[in-house]
Amino acid sequence: MENKTGNVRAYSALILAGGQASRMGGVDKGWVRLGQTPLIRCSLAALSRQAEPPRQILISANRHLDDYAALGVPVLPDVLPGSLGPLAGLHAAQLSPLLSTGEPLLVISVDTVRLPDNFASRLLDALAAGHDAVSASDSERWHPTLMMVRTGQAASLADYLLGGGRSIRGWLGGLRHATVAFGQPFPNLNTLDDVASLAAGQGGVAPD
């Protein structure tokens with residue numbers, strides 16, 4: 001995909017699916033169904049509809065690795081020991097040889113079932129202003145798990161995690177960071193009731 005100047009803007013995308021989903025009773029969140037569709041397939045579809053689609057998509061997962069791999073997408077387990085949260089998934093991606101040097105990485109959570117078509121384009125524009133990372137907000141809240149970061153952050157992530165840090169907000173606070181505001185709220189699916197409510201509002205049909 002080309003931008004207005006005709007230049008190809010390559011980036012990779014990472015879906016964070018490696019969490020413990022404690023508020024969902026510890027199930028593997030990626031395989032929770034919105035209607036008849038697993039959340040992981042919804043998030044893959046949201047990325048595929050971007051006006052500037054990613055060069056490749058990666059999945060951060062620590063359970064059901066074969067099931068995720070069967071989707072035809074590279075799967076990256078955490079490298080650091082212990083359950084250190086979503087930043088450990090980002091750390092593994094930053095270390096992966098699949099990620100090209102200098103190529104931005106778009107990060108979304110596995111329950112991101114809907115994105116504006118210009119989501120990646122706007123984050124790429126903001127990152128080009130000289131930031132290390134940019135994240136999204138909407139009319140209701142800040143969504144630090146929806147972000148785009150530069151490569152070369154593995155050491156920063158390892159230092160933060162091994163020092164006891166777990167918060168994405170805390171890690172972003174140490175970087176040159178900016179937020180990009182979107183008008184439409186992003187669905188926030190923290191519990192099984194949240195998923196059921198969204199499915200009911202859509203007539204039980206997952207986003208196209």
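This report covers the sheet, the helices packed on it, the nonpolar cores and the aromatic contacts of a predicted model.

**Sheet and helices**

The sheet is open and has seven strands. Their order is β5-β4-β1-β6-β8-β7-β9, and the pairing is mixed. β5 (75-76) and β9 are the edge strands, each pairing on one side only. β6 and β8 run antiparallel and are joined by three bridges. Leu106 has Met148 in β8 as its bridge partner.

Helix α1 lies across β1, β4 and β6. It runs at about 160° to β1. Helix α3 (residues 86-95) also packs on the sheet, where it touches β1, β4, β5, β6 and β8. The direction of α3 makes about 150° with that of β1. Eight of the 10 residues of α3 are buried. Among them are Leu87, Leu90, His91 and Gln94.

**Nonpolar cores**

In soluble globular proteins, nonpolar side chains tend to be buried together. Here the largest nonpolar core holds 33 residues. Which of its members touch the most others? They are Leu106 and Phe119. Elements giving two or more residues to this core include β1 (12-16), α1 (39-48), β6 (105-109) and α4 (119-127). The largest share, six residues, comes from α4.

Beyond its sequence neighbours up to four places away, Phe119 touches Gln50, Leu106, Ile108, Ala136, Leu146, Phe182 and Phe186.

**Aromatic contacts**

A pair of aromatic rings is described by the distance of the centres and the angle of the planes. The whole structure has four aromatic pairs. Two of them are tabulated here.

| Pair | Geometry | Centre to centre | Angle between planes |
|---|---|---|---|
| Trp31 and Tyr68 | tilted | 5.1 Å | 45° |
| Phe182 and Phe186 | edge-to-face | 5.8 Å | 70° |

Trp31 and Tyr68 link distant parts of the chain, 37 residues apart. Trp31 sits in the loop between β1 and β2 (33-34), and Tyr68 in helix α2 (residues 65-69). Are these two residues buried or exposed? Trp31 counts as partly exposed because its relative accessibility is 27%. Tyr68 is at 0%, so it counts as buried.

Phe182 is buried, with a relative accessible area of 6%. Phe186, at 5% relative accessibility, counts as buried. Phe119, Phe182 and Phe186 form one aromatic cluster. Arg122 lies over the face of Phe182, at 4.5 Å from the ring centre.

Key:
Residues are numbered from 1 along each chain as its sequence is written. This is a predicted model: local features need pLDDT of at least 70, side-chain atom pairs count only at pLDDT 80 or more; totals for chains, interfaces and linings use all residues. Side-chain values use heavy atoms; hydrogens and water are left out. A nonpolar core is a set of buried Ala, Val, Leu, Ile, Met, Phe, Trp, Tyr and Cys residues joined through side-chain atoms within 4.5 Å. Buried means under 20% relative accessible area, exposed over 50%, partly exposed in between (1.4 Å probe, protein chains only). Helices (H or I, at least four residues) and strands (E, at least two) are DSSP runs, numbered from the N terminus. Contact means heavy atoms within 4.5 Å. Two strands pair if DSSP finds at least two bridges between them. Axes are lines fitted to C-alpha atoms, for helices over the stretch in contact, and angles run from 0 to 180 degrees between N-to-C directions. Rings of Phe, Tyr and Trp (its six-membered ring) pair if their centres lie within 6.5 Å; planes under 30 degrees apart count as stacked, over 60 as edge-to-face and the rest as tilted. A charge sits over a ring if NZ of Lys or CZ of Arg is within 6 Å of the ring centre and within 35 degrees of the ring normal.
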